[in-house]
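Take a look at the structure below.

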Amino acid sequence: MYIGREAFTPATNRESARALFARSVERIEVETHSYCNRRCDYCPNAVGDRLGANQRMADDIWHLLLSNLREIDYAANFIFTSYNEPLADKIILQRIREAREYIPRARTMIYTNGDYLKPDYLAELAQAGLDYLHISIHTRPGDKYNDIHALNHIAKLVKRMGTSVHFQSLKPNEFVIAKMPHPSMEIEIRAINYYRHGTDRGGLLDGFNKTPARTLPCHFPFAHFHMGYEGTVVPCCHIRSDAQAHQPYRYGNLRDFGSIFEAYASRVATEWRRHLISFEAKQVPCDTCAAPFMSQDPKALHQIQAAWEQNVRDET
């Protein structure tokens with residue numbers, strides 16, 4: 001997580017914005033299309049509409065994103081997921097191939113509910129160049145997390161795929177983590193009790209344990225870049241690009257900025273970082289967020305405090 005002075009001040013030109021992005025961002029999440037076939041209770045899709053007509057990301061936005069990343073030879077995590085189901089539209093195969101062409105050193109990743117996954121589809125994903133597949137085991141609407149349900153669901157998935165599974169860890173009533181062997185990609189299966197480990201997604205959801213007003217810093221607007229299928233850039237994965245309630249929190253559309261670099265180094269982006277670097281009480285929509293900070297190391301926390309004092313508090 002880079003916390004130099006320029007992270008807190010809008011860039012004055014594209015070159016400095018590009019340098020800041022290249023130095024800072026290690027995770028990109030993007031939706032290639034809108035559709036999701038589920039409405040899980042612990043996901044904002046329960047109160048939104050991703051079951052309607054599928055909308056694909058416009059080609060000009062997609063290729064602008066990739067062209068920008070090619071400029072800096074982006075080599076970190078590139079995730080084809082947000083609030084959609086990436087495997088619901090097979091355009092994902094083309095998008096993976098294009099990402100491999102533009103940013104060959106990046107780690108391409110997908111988070112999926114697994115509903116569309118079959119052996120032949122998995123083979124196509126591998127051939128396209130996918131590096132990592134995360135299969136999430138979800139509960140049905142109205143149900144609560146249950147370890148037995150999770151294990152049964154994993155068993156059905158493994159049978160459908162005609163493979164085996166290696167369990168990594170299980171914490172009763174909290175999570176099950178397993179891995180599926182594959183010759184060219186990492187495949188991880190996770191069943192998580194989201195009411196214990198999830199968040200209210202920027203206040204969009206009810207039913208989560210109330211947490212004290214957040215005071216921890218947040219690394220998302222520093223190290224991550226998130227964009228919805230319509231090209232809307234948001235500060236983190238808990239802000240919906242297409243939720244009306246979250247309209248005030250968006251950076252804007254990528255077309256408005258001209259590059260991902262200028263979106264990341266824009267005035268609104270730096271305001272988010274100035275707000276989230278401190279240990280002071282956070283404002284809406286971050287005040288109820290339970291997402292952990294990236295480090296509890298005293299040295300790291302001291303550096304965060306110093307960055308806030310030098311670059312934010314003492315300049316206001």
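The report starts with the model, then turns to the sheet and the salt bridges.

## The model

This is a predicted model, in which local features need pLDDT of at least 70, side-chain atom pairs count only at pLDDT 80 or more, and totals for chains, interfaces and linings use all residues. Residues are numbered from 1 along each chain as its sequence is written, and side-chain values use heavy atoms, with hydrogens and water left out.

## The sheet

Ten strands form an open sheet with mixed pairing, in the order β5-β6-β7-β4-β3-β2-β1-β8-β9-β10. Strands (E, at least two residues) and helices (H or I, at least four) are DSSP runs, numbered from the N terminus. Two strands pair if DSSP finds at least two bridges between them. β5 (166-171) and β10 (252-253) stand at the edges with a single partner strand each, so one side of each has no neighbour in the sheet.

Strands β8 (residues 224-227) and β9 (residues 232-234) run antiparallel, joined by two bridges. His226 has Val234 in β9 as its bridge partner.

## Salt bridges

The structure holds 21 salt bridges. Each is a side-chain nitrogen of Lys or Arg within 4 Å of a carboxyl oxygen of Asp or Glu.

One of them links Arg14 and Glu71, with the closest N and O atoms 2.6 Å apart. Arg14 lies in helix α1 (residues 14-24) and Glu71 in helix α2, so the pair ties together parts 57 residues apart in sequence. Arg27 forms a salt bridge with Glu29, at 2.8 Å between the closest N and O atoms. Glu29 is buried, at 9% relative accessible area (buried means under 20%, exposed over 50%, partly exposed in between, with a 1.4 Å probe and protein chains only).
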